[in-house]
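Hi,

Here is the model I promised to pass on.

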Amino acid sequence: MKPTLAAAQLRGSLTQYLMTTYALADEDTRLARERFLGDPETGIFRGPYLRIRTPFHPADDGWQAALEWQPSFTPWRHQAKAWQRLSTYRGTAEPTLVTTGTGSGKTESFLIPVLDHCRRQKALGRRGVKAVLLYPATTWRSPSWRR
C-alpha cells in the first residue's frame with residue numbers, strides 16, 4: 001500500500017461523507033466548507049507527511065554464514081534475513097519479497113546474494129551466468145500535478 005494513495009482515498013471518502021451528510025443551503029457557508037475541506041494550505045487535511053529515518057536494526061551476529069563472500073559493511077537485519085533466504089551458498093534460494101523504506105538497502109538485499117552466487121559460479125569455471133533484476137515501473141510526478 002502506498003501511503004500517499006491511501007491518504008488520498010481517505011481524504012476523498014471523508015470529504016464526500018461530510019459534503020453529503022451535512023448538506024448546506026446557504027451558498028457562502030457551503031463554499032467556505034468546500035474551501036476548508038479542499039484547500040491544501042489552509043484546509044482540514046495536512047500531509048501525508050513522510051519521515052525518512054533509519055529505524056533499521058543492525059543484523060544479528062552470525063549473518064556472515066549465509067554467504068561465502070561478504071560485503072565490506074554490516075547489513076541491516078532485513079538485509080541479512082533476505083540474504084539467508086536468497087543465498088545459494090548452502091541450498092536453494094527461496095522466493096522473497098523485501099518491503100521497507102526508501103534508503104534502507106532493498107537493492108543490496110537481493111543484489112549481494114546474486115553477486116555471491118555469480119562469484120561461486122565463476123570459481124567453478126562456469127561462464128555466462130545470467131541474472132535478471134526486475135524493478136517495478138513507477139511514474140514520478142512533480143508536486144505541481146495536484147494543482
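This is a predicted model: local features need pLDDT of at least 70, side-chain atom pairs count only at pLDDT 80 or more; totals for chains, interfaces and linings use all residues.

Residues are numbered from 1 along each chain as its sequence is written, and side-chain values use heavy atoms, with hydrogens and water left out.

On to the helix pair. From α3, residues H78, Q79, A82, W83 and L86 meet E108, S109, F110, I112 and P113 of α4. By class, that contact has six nonpolar residues (Ala, Val, Leu, Ile, Met, Phe, Trp, Tyr, Cys or Pro), one charged (Asp, Glu, Lys or Arg) and three polar (the others, Gly among them). The axes of α3 and α4 (residues 106-123), as lines fitted to C-alpha atoms over the stretch in contact, come within 8 Å and cross at roughly 35° (on a scale of 0 to 180 degrees between N-to-C directions).

Now the rings. Phe, Tyr and Trp (its six-membered ring) pair if their centres lie within 6.5 Å; planes under 30 degrees apart are stacked, over 60 edge-to-face, and the rest tilted. The count is three aromatic pairs. F56 and W76 make a tilted one, 5.8 Å centre to centre with 55° between the planes. Both sit in the loop between α2 (27-38) and α3 (77-86), so the pair ties together parts 20 residues apart in sequence. Ring pairs also link W63, F73 and W83 into a cluster.

Cheers

Conventions. Helices (H or I, at least four residues) and strands (E, at least two) are DSSP runs, numbered from the N terminus. Contact means heavy atoms within 4.5 Å.
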